Amino acid sequence: MNNDMQLKSLIEMSATDVRKCMKCGKCSGRCPAFKEMDIKPHQFVTLLGQGKVEKLLASKAIWNCLSCLACVERCPRGVAPANVIEAVRTTVARMQGGDGITAEEIPAEVNEMIPQQLLVSAFRKYKK
Amino acid sequence: MHRIGVFVCHCGSNIAATVDVERVSNALAHEPGVVHSVNYQYMCSENGQQLIKNAIKEHNLSGIVVCSCSPRMHEATFRKTAEAAGLNPYMVEIANIREQCSWIHKDVEEATEKAIVLARTAVAKLTLNKPLVAGETGVTKRALVIGGGIAGIQAALDIADAGYEVDIVEKNPTIGGRMAQLDKTFPTLDCSACILTPKMVDCAQHEKINIYSYSEVDKVKGFVGNFKVTIKKKARYVDETKCTGCGVCMTNCPSKKGLNSFNMDLNTRPAIYIPFAQAIPNVAVIDPEQCIKLKSGKCGLCSMKCGANAIDYKQQDSFVEREYGAIVVATGFKPISLENFNEYGYADNKDVITSLELERLMNAAGPSKGTLVRPSDGEHPHVITFIQCVGSRDVSGCGKPYCSKICCMYTAKHAMLIREKYPDTQVNVFYIDVRTPGKNYDEFYRRAVEQYGVNYIKGMVGKVYNENGKLMVQGSNLIDNEQVTIASDLVVLATAIEPDPSVKDLATKLTISIDTNNFLTEAHAKLKPVECATAGVYLAGVCQGPKDIPETVAQASAAASKVIGLLAKDKLKGNPCVAHANEMTCTGCSQCAEVCPYGAITYENKEFRIGGGKTEKRRVASVNPAVCQGCGACTVTCPSGAMDLHGFSSAQILKEVEAICKR
């Protein structure tokens, strides 16, 4: 996949409008994994907006993100930084071979209070 | 025989860039009834209007169609033009080929085709137009100002100074509004009370101003120049004419645990109270929810102690009906509720406060007599952290999508005042953007940074939590790409503001439009900023949009000047496009009267000849043209089609539909 296609795919998978971001930093202000991340939650949004695919795919932070979705919950503009991170994580997992996870491995709704994205991302990160 | 002239405007490139105006005027030249069709660069300009006048005379035109912008923009202009050339102004039709055509289409072919259809439609309607003559009504030379904050006070004083009577209706026991609660005002840092209270006193003493405090607008009837308003005076259980404001009742009241709303609930007040020392009127009021006497019948201490014999536990709500020529709405604002913002810990920590609460804490007349202390323990805070945009610029559904406009400046003010009075205090401000346009405003903010060393941090706060008695404020520092946590003693939330909730109900009563954020809508964002779509109603202050005191005062004076201009007239020209009933088909069913929002329809028993020398009496509707506003509600309700509107008759509308459908 070339850069443009990769970017298009990341935007599609993120399913969030990064142009709505007003650079307030509330996502990074709330993030519990902030200190461990080489690229911060607000930067994921900005980098996708700038089309910097290589930088995104090289990030280590995708493995530190807890998928707690606090950034999504707190964003005053309705942007979902965690979606961008998950899109990058999925893309990297696929590039490393296969999907990293098959549809059958994803459990049905365990508890309605637990976001499904958290389970999926946990599988991606910790599947051996 | 119709002799119609068609005038197609280019509106510079506004229309001409998307609509082939030449083709429109050529196409219309061949319409039946059209004898003259031209296009011109700016039809509303003096040259354009002259061109219309000349054509009316030269071609002896019986009516004109102007293809231009929305009729809301220039219908009145072209009606005047026609009138000046000897044509009845109601023989003018506007085809809106700008807002409804050129501005919303990209394809020239399609837009041109649509413009031709719109023009044809106007021509078709015009063939059924009849000359109309507007009636005249008188003007009641008195104005009503709803809301007694700085906006209402300024408007009332200006109108009264011009020599007209003004009534102020204020829902609280005193006038003064939000400004009375403030400590200092930016950008000059004058004491709010010092500049407001003299104006309040002026209102009270002005022979032309009458204040209805603790009152609300109950009903509104009538129309521009002739409003009939019922005012509800809520029972205050104190005779306003007797109370001297001495305050003996307050000191003797045994029920002292009511929350003091004037102090933003930061302390308590007795059940009988005067909101603050400079209240106008300086008259006590009893809170019936809190008064022991009113709740249980026992007590009556205030009545016993009152030297003026002013207490009246039996007082009831009363109603007065007054007539007005014009109305100013100045209902103001309140800070939003913070229930959607748990992350800032407002509900759980006494030391997380709103900016308006801080105003009261810093005010010499406030609960701490102006000494800045923590609400939790009365200690002096050493680290104070401000959080900007709490609930503002929020499209997530938790807050308000707009910028509240005043917060950047008042936080700079708070930060400066604190650093000035308590130099040992560290002051931090988390901000998204600092927005300080305005005369001497940016200089003011920079003074907070440069002269007072206030620590501005670019970034938003993610959470506030309590750790060993300290408020930990965790947020972004985007400039350094860091997450910071500041242990603070006091956290101040620059809370978004919203229109006072009473405005919603009032908008319905006054039939004025309101936007999705409950701000009242002005008639034109640029050219009619204080007028409403409803004639005779004007707007001032935050009820129309977020604004600070200087802007509010300017807008209030602007609204006052509009009111004065209206009240100066002895007669107002009415709108001749009003309803009328066809007595031959009216069945007297009363449905029209029920839907009429203006009370313009009455019924009479009339005698009609029914042939053979006999007569019969029938009940038929009759419209008072001076009261009817031409809304058309009756015409669509009438089951027998007897109601019709001059200038917008059913026949005219059907003719328009026909013209649109014709290919």
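Visitor: Which residue stands opposite C67(B) in β3(B)?

Guide: In this predicted model, the residue that stands opposite C67(B) of β3(B) is V8(B). The pairing behind it joins strand β1, residues 4-9 of chain B, to β3(B) through 5 bridges, and the two run parallel.

Visitor: And what else does β3(B) pair with?

Guide: Strand β4, residues 92-96 of chain B, pairs with β3(B) over 5 bridges, again in the parallel sense. Within that pairing, V65(B) stands opposite E93(B) of β4(B).

Visitor: How many residues of β3(B) are buried?

Guide: The strand spans residues 63-68 of chain B and is mostly covered, with 6 of its 6 residues buried. Of these, G63(B), V65(B) and C67(B) point one way from the strand, while I64(B), V66(B) and S68(B) point the other way, and all are buried.

Visitor: Switching to cores, which residues have the most contacts inside the largest nonpolar one?

Guide: That core has 130 residues, and those with the most contacts inside it are A143(B), A155(B), A156(B) and V328(B). Leaving aside residues up to four places away in sequence, A143(B) touches I159(B), Y164(B), V166(B), Y324(B), G325(B), A326(B), V328(B), V563(B) and L567(B). There is also a second, separate core of 42 residues, which includes C9(B), A55(B), C69(B) and A111(B).

Visitor: How is chain B divided into domains?

Guide: The assignment gives domain 1 (4-126), domain 2 (142-234 + 317-332 + 500-567), domain 3 (248-305), domain 4 (337-498) and domain 5 (579-646) of chain B. The C-alpha centres of domain 2 and domain 3 of chain B lie 28 Å apart, and the contact between these two takes 15 residues from domain 2 and 8 residues from domain 3.

Visitor: Which helix gives the most to the domain 2 side of that contact?

Guide: Helix α7 of chain B, residues 192-205, gives the most to the side of domain 2 that touches domain 3, with 6 residues. By residue type, that side of domain 2 of chain B divides into 10 nonpolar, 5 polar and no charged.

Visitor: What about the two chains, how many residues are in contact there?

Guide: The contact between the chains involves 18 residues of chain B and 16 residues of chain A. On the side of chain B that touches chain A, β24 (461-467) and β25 (470-477) of chain B each supply at least two residues, and the residues of that side divide into 5 nonpolar, 9 polar and 4 charged.

Visitor: Okay, chain A then. How many helices and strands?

Guide: Chain A comes to 7 helices and 0 strands. Its radius of gyration is 14 Å, close to the 14 Å that the globule rule gives for 128 residues, so chain A is as compact as a globular protein of that length. Along the principal axes, the C-alpha atoms of chain A fill a box of roughly 40 × 40 × 25 Å, and 41% of the 128 residues of chain A count as buried.

Visitor: Is α3(A) mostly covered or mostly open?

Guide: Helix α3 of chain A, residues 41-50, is mostly covered, with 7 of its 10 residues buried, namely P41(A), H42(A), Q43(A), F44(A), V45(A), L47(A) and L48(A). What covers them includes α1 (3-14), α2 (26-30), α4 (53-57), α5 (70-74) and α6 (81-95) of chain A.

Visitor: What comes just after α3(A)?

Guide: Just after that helix, G51(A) takes a positive phi of about 75°.

How values were computed. Residues numbered from 1 in each chain as written. Chains lettered and ligands numbered in written order. Predicted model: local features only at pLDDT ≥ 70, side-chain atom pairs only at ≥ 80, totals over all residues. Core = buried A, V, L, I, M, F, W, Y, C linked by C-beta atoms within 7 Å. Buried ≥ 20, exposed ≤ 12 C-beta atoms within 10 Å, placed from the backbone. Contact = placed C-beta atoms within 7 Å. Helix = DSSP H or I, 4+ residues; strand = E, 2+ residues; numbered from the N terminus. Nonpolar A, V, L, I, M, F, W, Y, C, P; charged D, E, K, R; others polar. Domains from an automatic or database assignment. Rg over C-alpha atoms; globule rule 2.2 N^0.38 Å. Pairing = 2+ DSSP bridges.
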